[in-house]
Amino acid sequence: MGKRSRLRKKEHQNNSKPGYADIIKENKLFEAYYQELGLVPEGEFDQFMAAMREPLPATIRITGYKSHAKEILHCLKNKYFKEIQEVEIDGQKIEAPQPLSWYPDELAWHTNMSRKILRKSPLLEKFHQFLVSETESGNISRQEAVSMIPPLLMKIEPHHKILDMCAAPGSKTAQLIEMLHSDMDVPFPEGFVIANDVDNKRCYLLVHQAKRLNSPCIMVVNHDASCIPRLQIDTEDGQKGTLFYDRILCDVPCSGDGTMRKNIDVWKKWTTSNSLHLHGLQIRIAVRGVEQLAVGGRMVYSTCSLNPIEDEAVIATLLEKSEGALELADASVDLPGLKWMPGITKWKLMTKEGQWYKDWSEVPVNRHTQIRPTMFPPTDTEKLANMKLERCMRILPHHQNTGAHISDGMQHHPLRERERGVGRKSVCMYSDSVLCSRPPPNKKMKRHGFKEDPFVFLTEDDPVFPPIESFYDLSPDFPKINVLTRTHEGKKRHLYMVSKELRNVMLNNSERMKVINTGVKVWSRNSDGEEFGCAFRLAQEGIYTLFPYIRSRMITVSVEDIKILLTQENPYLSKLEEDAHQQAKKMGMGSIVLKYRPDKSNPDGPQCPIELCGWRGKTSIRAFVPRNERFHYLRMLGVEVFRDKQGQGPREEEKEVKEEVKEGETENGNKDVSPKQELRGENRGDEHLKGDEREGGGENLTST
């Protein structure tokens, strides 16, 4: 950092010391509006406002579909949670983290720590670094508790075709992918997730989030949700058909007044006009979702707003337009332990000047462009009762120390034809402030975004396959037609795989969809491998997809072997235990799979299977595993991975060693990709990072 940059940074820090502390967490219009509406139970409004003024506590969710979720949970409960529960910061005792009672299998936890305390306190440094590292590995998501609710209400099954209409930044999308992969023994679930966002730049943040889960069943697209195209697919009888989704998540842009605990600016910017401006857009997005919902399917509509104009009013409009084709599902028993308030059936509007209107007849003509009839409750009492709006779920912050959220489950009724209305075109404007990673600078900017490389599916007789099939002894049922690359010309650098159903979607809609990213990388070109019989080495991110089809190039390793491979750079073959050593000696040079299976006689070892990509050299062996995944596996093995804040040097538990990779590292001298490029989504997951950021990392770590 140059002198001028340091001065600017110091000046900014000095000027921002008051920062958000100067923002008075009061908005009289907000309080008057919600007191008048009576959304908060009688006698609880002061508690409600007090909770809104408190920082949002930290909540985390363990990735549930991975077979080692229990190992992460064991590590959290028996190590990190025990270490922090007696800590006291600024006179406040840190309470022991508690599982969210309504989240299945203790896979979501909350604490009384704010995000600020978690980031800044030296006493919580190890825990924070654990969260950061495991988040990057896709093993943990630091996600707000109320954000976890809508995906749970969707009741995802592995065969479901899912649309996430307004998906960025992607925490809910990640949940959907996890549920799709609930059975880790199935590498290609029948279902898939299409995650959409209107903002081209935010799509790359979405890609980064989804990529952590290494799924072949996710596609990121870039469309206006209110007019997202209807897609075509090949049906089982060989005909062309329309794609209707089994599940749709409609988490629409909203005024975000339920996010005041984390988005401080909402306090001074809140006005009733925000909801009035968004109401029409929310209806158009929701209607477009319903148009693409399969008969018998389920759509969950959710917002981070308390305002009925954005919630019950939208749901009532959908139900009225559908003329019986939709019904509001009863989700009251779906999440035992969750505290929620029922939806309301009566509400009124207020302008930013404080003028109230109880129904459309009271609205003056000069207000008709701002206030619409759909913003009011239905006047037909029988029709209103049949809508069952009380089935909407309102989450208030003071009931269980969360943000505020509204969720509604819409069930497509099979008795009537689905509504075919066409939503007007619009541009989705997001009211929440989320930092997004920039798209790759090497892509050409077009009027509406960045030009992506083509997706090219390989044919079964492509000449790239024979050496791969022979080298790895792929099973006959390996789906070669699901393999794609990102170039029409020249040598193929990386090979990716998608599920059969996503391939169907892509081949039939290349002109309809703007695809940003799809597929999981399974092989990368390595010129050194050609002399050993195969120019493509295995990629760690695709190993769970590929492993069921590989029948050779596997070495079974022990816990001690994994420690050696992940803490030493290019260890000699002789450093492996005898069994693994003998296996390696019999194997030729090139890419390999390092396979660990739980040892029931050793309960202290990981009780889940592990597959790591590696390279068998002339006299040595190494693991090709991204940095954060290495740290994850080392923690599971009892090796502490921890560095001082801001790179102030290693501690006793970790010693950095600069590494020069001699065997099987880069491809024909291709340039390495920096960590910043990786965050932006460049090269779609190329894991070759410079210096100690390379796969394998080159660190020598010691156990604590």
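1. Helix 11 (residues 272-291) packs against helix 12 (residues 312-322) at an angle of about 45°, and their axes lie 10 Å apart. Helices here are DSSP runs of H or I with at least four residues, and strands are E runs of at least two, numbered from the N terminus. Axes are lines fitted to C-alpha atoms over the stretch in contact, with angles from 0 to 180 degrees between N-to-C directions.

2. On the helix 11 side, the contact (heavy atoms within 4.5 Å) is made by H279, Q282, I283, A286, V287 and V290. Helix 12 supplies A313, V314, T317, L318 and K321.

3. This is a predicted model: local features need pLDDT of at least 70, side-chain atom pairs count only at pLDDT 80 or more, and totals for chains, interfaces and linings use all residues. Residues are numbered from 1 along each chain as its sequence is written, and side-chain values use heavy atoms, leaving out hydrogens and water.

4. R61 is in strand 1 (residues 57-62). R61 counts as buried because its relative accessibility is 0%; the cut-off for buried is under 20% relative accessible area, with a 1.4 Å probe and protein chains only.

5. In the protein chain, 58% of the 704 residues are buried.

Notes: Buried < 20%, exposed > 50% of the residue type's maximum accessible area, 1.4 Å probe, protein only.
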